[in-house]
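Biologist: I'm new to this one. Could you walk me through how to read it?

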Amino acid sequence: LFYSGGQIVDDGFEFFDRVIEWCRNYGMYVLLDMHGAPGYQNPGDHCDNVDSNANQPRDTVKFWDGDNVQLTSSIWRHIALR
């Protein structure tokens, strides 16, 4: 929804905008949770870890590898600046 051709794009963020506006109108707070961060932040399949299995091996967690931390930071920054 937010990544295309190696770039962060606004496609998909209209859903965030809509929910945030509804909550603002009704006096509700919004807590964003990047439950499936790039590279998987935990070994469970509930975070879209495609390498997960019954043993939940820690070596399937790739969040700290490559550019995943930087990408995650860039996504949060993009969201905050909207």
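Modeller: Let's begin with confidence. pLDDT is the predictor's confidence in each residue, from 0 to 100. Here the protein chain has a mean pLDDT of 79, and 73% of its residues reach 70 or more. This is a predicted model, where local features need pLDDT of at least 70, side-chain atom pairs count only at pLDDT 80 or more, and totals for chains, interfaces and linings use all residues. Residues are numbered from 1 along each chain as its sequence is written, and side-chain values use heavy atoms, leaving out hydrogens and water.

Biologist: Where is confidence lowest, and where is it highest?

Modeller: Strand β1 (residues 3-4) is lowest, with a mean of 74, while helix α1 (residues 13-25) is highest, at 91. Helices (H or I, at least four residues) and strands (E, at least two) are DSSP runs, numbered from the N terminus.

Biologist: How many helices and strands are there?

Modeller: The protein chain has two helices and two strands, and along the sequence they follow the pattern β-β-α-α.

Biologist: How do I read burial? Is threonine 72 buried or exposed?

Modeller: Buried means under 20% relative accessible area, exposed over 50%, and partly exposed in between (1.4 Å probe, protein chains only). Threonine 72 sits in helix α2 (residues 68-81), and it counts as buried because its relative accessible area is 9%. Compare leucine 32, in the loop between α1 and α2: at 34%, leucine 32 is partly exposed. Across the 82 residues of the protein chain, 27% are buried.

Biologist: What is threonine 72 in contact with?

Modeller: Contact means heavy atoms within 4.5 Å. Setting aside neighbours within four places in sequence, threonine 72 touches Met34, Ala37, Pro38 and Phe63. With the neighbours within four places left out again, isoleucine 79 is in contact with Phe13, Phe16 and Leu32.

Biologist: Which residues make up the largest nonpolar core?

Modeller: A nonpolar core is a set of buried Ala, Val, Leu, Ile, Met, Phe, Trp, Tyr and Cys residues joined through side-chain atoms within 4.5 Å. In this chain the largest one has eight residues: Phe13, Met34, Ala37, Val61, Phe63, Leu71, Ile75 and Ile79. Helix α2 gives the most to this core, with three residues.
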